[in-house]
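Please look over the sequence and the structure below.

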Amino acid sequence: MDRAIAAVAVLVLLAGLAGGQEDPRVPYRPYDASCPAWTDRERGFGDTRAEHRERAFLCLVRDAGGPMFPAVKPDAELLAYGRRLCALPYWRLTEDWLRSEDRTINLRGLEEALVFLCPDAIRGPDQEPSDDHMVKANAEYYAASNATCRDPWPRTRGRRQGTAAVFTSEGGVYHITDSDNPYAEPRTGRTYGLITAEGTGVSVDTILQGNVCVTVKAFDHAPPLRLKGWTEVAEVGVTSRTGRLVMPTVDPGGMEGAGRPLPNLAIEGPGRYRVRVYARAEENFRTILPTEWHLVVVHPGRSRKAIVHRTRD
C-alpha cells in the first residue's frame, strides 16, 4: 500500500475511535421542526403564507440532500441558486437538472420546491401553464435545438440546402413528402433500413426515437456515397406529383416538424427523385437537445430501386 494512502487510512481510523468529532467545515444547523409540514406533503403552496415560502423551499431541497442543493450550504446560497433556476426557460431548467446528475430530487420534486420561490415562473402541481407560456417555452427550446445543429458536409454544397432541428412524432419519425399533412396519413409503404418509401415521399425512423438535427441537400446529380462516420445509410426512389419534396415546419403551437423552414428539394419540379438518408447518434442522458444527426440527399433519378448501404442490423 502506498505510504500516503496508508497514513490517510490510519487518520480516518483514529478519528473514528476518538468519538466521531464533527467536521468543522460543516456548519451546524438546528433541526427545523416545521419542515415535516412540507417534506411530508401535508402543506402545499396554497396553504403556505408568503413569509414562510423561503423556509418551505429550504426544507424541501435540504430533505433531498443531493449535489444540486447540498445540505451543508448556507441558506443564502441555496436561495440564490433557486432563484437563478427560476429565471431559466423551462427547457434550461430541465437541462440543468440533467447535467447535475442529481437523482436525489426528480424534476417534479424540483418544480414543487421552486414554486415556493417563483410561483409565476414555475408551474406548480395545481397550476396549468397558459397557451402563451407554452408557445414561448417551445419557441425557446426550438431555437436552442436549432443552434446545436451543424451541416455534416459543409464543403459539399447543394443547389438547395438547409439545416434544422426536427421534432419528431411519437416513435421518432419524420417525413419528406409532397403531402400537405403527412402526419395525418398512415404509414403504408415498405421499409428499407431507416426509410419507409411512401411513393410520393418518405418516412424516416430515428435511431434514438427522439428529436434530431437534419441537414437536407438537393443536387443535380448523385453526390459520392460516403459511408465513413455514419451508422445507417439507405436510399429509395420517390415521385413528386406536385413539384414539392419538403419537410413540414413545426407550427407555433405544434410539436412535430422542422424547427425552421427547410427548402423544397424537388429542384426540377414534378418527377422522379432519389432520396438518400444518412444517420448517426450518440446517447447522452445529460441533455434534452438533439444528439442524433441525419443528412438527407435528394437528386433527380428515375430508378425505383431501394438500397440499404449500411444498417445496425
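Which backbone oxygen lies 2.8 Å from a polar atom of the side chain of Thr291?

## Thr291 and its surroundings

The backbone oxygen of Glu282 does. This is a predicted model, in which local features need pLDDT of at least 70 and side-chain atom pairs count only at pLDDT 80 or more, while totals for chains, interfaces and linings use all residues. Residues are numbered from 1 along each chain as its sequence is written, and side-chain values use heavy atoms, with hydrogens and water left out.

Thr291 sits in the loop between E9 and E10 (strands, E, are DSSP runs of at least two residues, numbered from the N terminus). Its relative accessible area is 13%, so Thr291 is buried (under 20% relative accessible area, with a 1.4 Å probe and protein chains only). Not counting residues up to four places away in sequence, Thr291 touches Leu208, Ala281, Glu282 and Asn284 (heavy atoms within 4.5 Å).

## The nonpolar cores

A nonpolar core is a set of buried Ala, Val, Leu, Ile, Met, Phe, Trp, Tyr and Cys residues joined through side-chain atoms within 4.5 Å. The largest one has 30 residues, and Tyr174 and Val296 have the most contacts inside it. Strands that each supply at least two residues of this core include E1 (160–167), E7 (232–240) and E10 (292–300). Apart from this core lies another, of 29 residues, including Trp38, Trp97, Leu107 and Cys118.

## Helix H5

Helix H5 covers residues 90–100 (helices, H or I, are DSSP runs of at least four residues). Among its buried residues are Trp91, Leu93 and Trp97. Just after H5, Glu101 has a positive phi of about 55°.

Definitions and conventions:
Buried means under 20% relative accessible area, exposed over 50%, partly exposed in between (1.4 Å probe, protein chains only). A polar contact is a pair of N or O atoms within 3.5 Å; within protein, one must be able to donate a hydrogen and the other to accept it, and residues adjacent in sequence count only if both atoms are side-chain atoms.
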